[in-house]
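Dear colleague,

I am passing on a structure that I would like you to look over. Below it you will find some notes on what turned up.

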Amino acid sequence: MSKLTDAFKNQKAFIPFVAANDPDFDGTVNNVVALAQGGADIVELGIPFSDPIADGPVIQAADLRALKDDPDLPMDTIFDMVKEIRKQTDVPLVFLTYLNIVFRYGYEAFTARCEELGIEGLVIPDMPLEERNELEPIAEKHHVDLIPLVTPISGDRIEKIAASATGFIYVVSSLGVTGERSEFANGLTDLVNRIRKVTDVPTAIGFGIHTTEQATEMAQIADGAIVGSACVNIVAEYGRQAPAKLTDYTKQMKAAVNANPVR
């Protein structure tokens with residue numbers, strides 16, 4: 001079983017996100033460890049990118065902060081951050097990245113390094129189902145899950161996307177980019193039910209979730225909740241003092257998703 005899938009076993013999963021190198025190398029390490037200490041089941045680590053098409057203003061600002069001192073931040077530096085993280089926690093890690101970053105590093109070299117450091121999966125928003133074939137066999141060889149995104153407008157592609165999924169399925173709660181929201185798309189329950197008809201791979205809903213009430217609601221529908229902008233806002237506000245705040249926030253959100261029975 002995938003380590004990511006295993007993170008959902010007998011529980012609802014909470015998956016927070018922070019951006020690499022925000023505020024800096026040591027801050028990234030401390031933030032991820034803090035999320036793990038708060039009870040995160042999987043941590044999503046964003047690789048800063050100059051054109052993050054799926055991300056809203058909060059995460060775009062985090063990327064700008066991360067790239068401020070070095071617009072060409074080497075991928076090897078981010079791998080070194082993970083190496084330091086792995087000295088303190090074995091929490092499952094997932095990269096959120098864009099395909100050009102993986103392509104430039106080299107599919108084989110990138111996924112081999114992920115395997116070496118315990119990066120269990122990749123979320124690549126600009127890689128549609130039709131383009132997975134060039135990366136998928138290489139990632140599979142190195143035991144790296146390619147986490148697909150399913151949106152409210154995936155239509156008749158939902159079953160095709162879900163059928164080939166491993167790890168977990170990222171269910172996008174709303175149209176548009178990331179960012180805190182007060183309302184979500186209608187039909188999320190039906191969307192998750194369609195996915196479950198073709199696969200047992202767990203689902204986690206993301207985009208916009210930031211309160212405990214929302215986390216509870218989304219975990220009633222799916223197998224877990226993903227939170228990005230709220231965590232990034234904590235980092236932006238508290239800087240190097242963010243880890244304690246991230247731990248407290250994670251404890252609250254983890255308790256909220258666990259208020260629901262597992263299916």
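Is arginine 113 buried or exposed? In this predicted model, arginine 113 is buried, with a relative accessible area of 15%. Its side chain meets that of aspartate 76 in a salt bridge, at 3.5 Å from N to O; because arginine 113 lies in helix H6 (residues 107–117) and aspartate 76 in helix H4 (residues 75–85), the pair ties together parts that are 37 residues apart in sequence. Aspartate 76, with a relative accessible area of 36%, is partly exposed.

A search of the whole structure gives 13 salt bridges. One of them joins lysine 254 to aspartate 41, with the closest N and O atoms 2.7 Å apart, and this pair links distant parts of the chain, since lysine 254 sits in helix H12 (residues 242–257) and aspartate 41 in the loop between helix H2 (25–37) and strand S2 (43–46), 213 residues apart. Lysine 254 counts as buried at 10% relative accessibility, and aspartate 41 likewise counts as buried at 10%.

Arginine 157 forms a salt bridge with glutamate 130, the closest N and O atoms being 2.8 Å apart. Here arginine 157 is partly exposed, with a relative accessible area of 28%, whereas glutamate 130 counts as exposed at 53%.

Conventions
Residues numbered from 1 in each chain as written. Predicted model: local features only at pLDDT ≥ 70, side-chain atom pairs only at ≥ 80, totals over all residues. Heavy atoms only, no water. Salt bridge = Lys/Arg side-chain N within 4 Å of Asp/Glu carboxyl O. Helix = DSSP H or I, 4+ residues; strand = E, 2+ residues; numbered from the N terminus. Buried < 20%, exposed > 50% of the residue type's maximum accessible area, 1.4 Å probe, protein only.
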